[in-house]
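Dear colleague,

Here is the structure I am passing on to you. My notes on it follow below.

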Amino acid sequence: LMGVVVPLVEDHLAPSGARALLGARPRGARALLSVAAGTLATTLTIALSMTMVTVQLAASQYSSRVVGRFLSNRTTQYTVGAFLATIAFLFLVLRSVRSPDEGGDFVPAVATTFGLAFTLGCLALLVLFVHATMRSVQAATIIAGIGVETIRILEGARRGAEVRTSRPAVRPSMVVSAPHAGYVRLVQPEVLLRAGGPGLRVVVLEVVPGEFRTAGEPLATVELAAPAADPAALEAQMRDAFVLGRERTMEGDPLYGIRQLVDIALRALSPAVNDPTTAIMVIHELAAVLRAAFRQELWINGWSLERHDRCVVVRRQHGFSVYLTEAFGELTRLGREQPRVATALIEALARVLDAAPPQPEDRAARDLCAERAALLHALASAYPLDPAEREALEHALQRLRSQRERESLRRDVIGAVSASSSM
């Protein structure tokens, strides 16, 4: 828009052109604008080519599921947008330059000056773009970015006031089915409540974000106070509460964040890569994610109930056991062959137990962590270890056992105090 408006304003206010600002004639202005536009176009092409090669190498080194993080990088988007906008501006200004044999003698001095300034700004932005791209492909940056986003999603997760281990019984009036195959990206209960109106009694959400559904599979089961006048129209309105896509996203799906981290660790432990240091970095980040899940007190793997006036929304809830298995299940089998990795896994489990003081409700979760650590120790001990590796492994397990002993003592003291208070 500026490439059209600024030359028109200049032509109207100063028909003879303000060449003194640039000291250029039409031929020189054309050459200057052409060189600037061609240079930016060539630079952008080379930069994008290098970026695609970098992304391809990162996908093969870490996981193809992290490619989306590069494509959504703000620095990349701003740089490409600035280059394209400047190139378009230069071309529009170029077409407004007129020589005497074209019916005038006009050089848009202000617009050309803006074009040169934008060109220099793009070249400066290119340095920032290269720096950001190089940082974005580092293992530490990728792992930390996924971990921070996963923790944010976990901390924002809603926990029902009432949680049951079994699915509540309902009298289904209708079933909302998937219109096509895809991953559930988003579930919006408020849309269901608005579509159902006052006649809605119970809504059972049969899916959680991250699950795959084929066409016709149930997304929700609905119980109505009275039969719907137009069931097909009501189902279509309720179907808008679910967003399905071909690719899985992290929105409302912390398990996908854990999955990406585990994929990076598994690729690092594969014989083709053999990079246990990267795997240990992932384990440290998984410990931070599991600590966040532990603090959220998501103990029960079942169904949570949310009451809204006359309606009850029932949704599935992942318990801590699901997060623990997703994070350390596959790594336990591969990490047993790497003493450093097995030690890091046991230390990570000890850090998880430190996330919050022991409570009666979290005893099963703490027992799961202890059982996983004992399994890791047994598997890793079956392989030949040098004295230093065995000592590190034993030290990590002893730390976790000491925590368990302190938890048991704390429970005994609390139990004794409660018993004396009730007497």
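**The S8–S9 hairpin and its surroundings**

Asp-309 has a positive phi near 50° and sits in the hairpin of S8 and S9, where two residues lie between the strands. Helices (H or I, at least four residues) and strands (E, at least two) are DSSP runs, numbered from the N terminus.

This is a predicted model, in which local features need pLDDT of at least 70 and side-chain atom pairs count only at pLDDT 80 or more, while totals for chains, interfaces and linings use all residues. Residues are numbered from 1 along each chain as its sequence is written, and side-chain values use heavy atoms, with hydrogens and water left out.

Strand S8 (residues 302-308) runs antiparallel to S9, and seven bridges join them; two strands count as paired if DSSP finds at least two bridges between them. Gly-302 stands opposite Gln-317 in S9. S9 also pairs with S4, in the parallel sense, over four bridges. There, Val-203 has Val-313 of S9 as its bridge partner. Six of the seven residues of S9 are buried, so the strand is mostly covered; buried means under 20% relative accessible area, exposed over 50%, and partly exposed in between (1.4 Å probe, protein chains only).

**Helix H7**

Helix H7 (residues 189-196) has Pro-189, Val-191, Leu-192, Ala-195 and Gly-196 buried. Seen down the axis of H7, these buried residues fall within an arc of 160°, so they line one face of the helix. The arc is that of the directions from the helix axis to the C-beta atoms. Among the elements that cover the buried residues of H7 are S3, strand S4 (200-205), helix H8 (231-239), S7 and strand S9 (311-317), where contact means heavy atoms within 4.5 Å. Gly-197 follows H7 and has a positive phi, near 70°.

**The three-stranded sheet**

S3 and S7 also belong to an open sheet of three strands, in the order S5-S3-S7, with antiparallel pairing. Its edge strands are strand S5 (212-213) and strand S7 (242-245), each of which pairs on one side only. Strand S3 (residues 182-187) is joined to S5 by two bridges. In one of the pairs, Gly-182 has Arg-213 of S5 as its bridge partner.

**One further loop**

Asn-274 lies in the loop between helix H9 (254-269) and helix H10 (276-295). Its phi is positive, about 55°, although Asn-274 is not a glycine. Is Asn-274 buried or partly exposed? Asn-274 counts as partly exposed because its relative accessibility is 49%.

Regards
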